[in-house]
Amino acid sequence: MNRSVRRHGLAAIWGRWRQDRHRRRLRRIRFQSGLGDSAWLLYGLVRSMKPEVCVEIGSARGKSACHIGLALAENERGLLYAIDPHHPTAWSDDQSTDTWPIITRNLRRLGLEERVRVLRQDSAVAAGGWREPIDLLFIDGDHSYDGVRRDWEAFSPFVRPNGVVVFHDTLWDLRPDERWSRPDMGVPRLVEELRAAGFPVLTLDEDYGVSVVQPVPNGRPLRPPA
Ligand SMILES: C[S@@+](CC[C@H](N)C(=O)[O-])C[C@H]1O[C@@H](n2cnc3c(N)ncnc32)[C@H](O)[C@@H]1O
């Protein structure tokens, strides 16, 4: 075995060892998130799509950000902008005070500081200066109808034609849970309106509903028109 082969072999083994260590650490972090194992859907989309730019609205303690960030790190490319004011909002969980130190610590534990840029901002502020095309957009911030619609309208025009928008809590009304029930939840209504308007929507009945939307009315044709 020559020196170069040995060096590359060792680099691959070291890379895999680091990945395994970070996954083990990820599983041990208590995020107090309703996203459940659906966080792995985000991870899988990122591993498959190899996005350059991901945006998430609503990060809290960083469950979704860590799963997206880990996948970007394994891809060795791409960046996630994780937008959240990190102070208590109407859509923070009741134990939230300031989640900024928690998300930054979680990202640091996984070595993801260079793959995830935490923007401590309301999404409306972040949207004001937004210019970059987006490959994957995850919307999990203000769950009121007006709030989620505002995020969709502000950011979805930047999503590339083969990009995706993922919403969390889209089956909230169909799987009511007394503990969390609230009348101002607007995500299912918005996503149903998008579906009725012809946007392709795929919904998974897990973790209060996760829907993947292609932000192209009637979907992207698979073949060019004859
Ligand atoms: C359900 S939590 C997000 C959970 C997170 N995605 C996870 O994986 O655990 C909702 C978050 O949205 C944030 N949020 C609420 N309104 C927002 C807004 N206008 N812009 C950005 N984030 C917002 C809250 O601060 C809260 O942290």
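What follows is a working chat about the fold, sheet, helices and core of this predicted model.

Me: Before we start, what kind of model is this, and how are residues numbered?
Reply: It's a predicted model, where local features need pLDDT of at least 70, side-chain atom pairs count only at pLDDT 80 or more, and totals for chains, interfaces and linings use all residues. Residues are numbered from 1 along each chain as its sequence is written.

Me: OK, how many helices and strands does the protein chain have?
Reply: Seven helices and seven strands. Both are DSSP runs numbered from the N terminus: helices are H or I with at least four residues, strands are E with at least two. From the N terminus on, the order is α-α-β-α-β-α-β-α-β-α-β-α-β-β. The radius of gyration is 18 Å, close to the 17 Å from the globule rule for 226 residues, so the chain is as compact as a globular protein of that length. That radius is taken over C-alpha atoms, and the rule is 2.2 Å times the number of residues to the power 0.38.

Me: And what does the C-alpha trace span?
Reply: About 65 × 55 × 35 Å along the principal axes.

Me: Which share of the residues is buried?
Reply: 38% of the 226 residues. Buried here means 20 or more other C-beta atoms within 10 Å of the residue's own, exposed means 12 or fewer, and partly exposed is in between, with C-beta atoms placed from the backbone.

Me: What sense do strand 6 and strand 7 pair in, parallel or antiparallel?
Reply: Antiparallel, over four bridges. They form a hairpin with five residues between them, and Asp207 in the turn has a positive phi of about 50°. Val201 stands opposite Val213 in strand 7.

Me: Switching to the core. Which residues have the most contacts inside the largest nonpolar one?
Reply: Leu42, Val46, Ile68 and Leu137, in a core of 50 residues. Helix 3 gives the largest share of this core, seven residues. A nonpolar core is a set of buried Ala, Val, Leu, Ile, Met, Phe, Trp, Tyr and Cys residues joined through C-beta atoms within 7 Å.

Me: What does Leu42 touch?
Reply: Ser64, His67, Ile68, Phe138 and Val166, leaving out residues up to four places away in sequence. Leu42 is one of the buried residues of helix 2 (residues 39-49), along with Ala39, Leu41, Tyr43, Leu45 and Val46. Their cover includes strand 1, helix 3, strand 4, strand 5 (159-168) and strand 7 (210-213).

Me: And helix 6, which residues are buried there?
Reply: In helix 6 (residues 145-155) they're Gly147, Val148, Asp151, Trp152 and Phe155. They cover an arc of only 135° around the axis, which puts them on the same side of helix 6; the arc is that of the directions from the helix axis to the C-beta atoms. The face turned away from that side carries the exposed residues Asp146 and Glu153.

Me: Last one: why does Glu74 count as partly exposed?
Reply: Because Glu74 has 18 C-beta neighbours inside 10 Å. Glu74 lies in helix 3 (residues 63-75), and beyond its neighbours within four places in sequence, Glu74 is in contact with Gln19 and Arg47. Gln19 is 55 residues apart from Glu74 along the chain, with their C-alpha atoms separated by 7.3 Å.

Definitions and conventions: Contact = placed C-beta atoms within 7 Å. Pairing = 2+ DSSP bridges.
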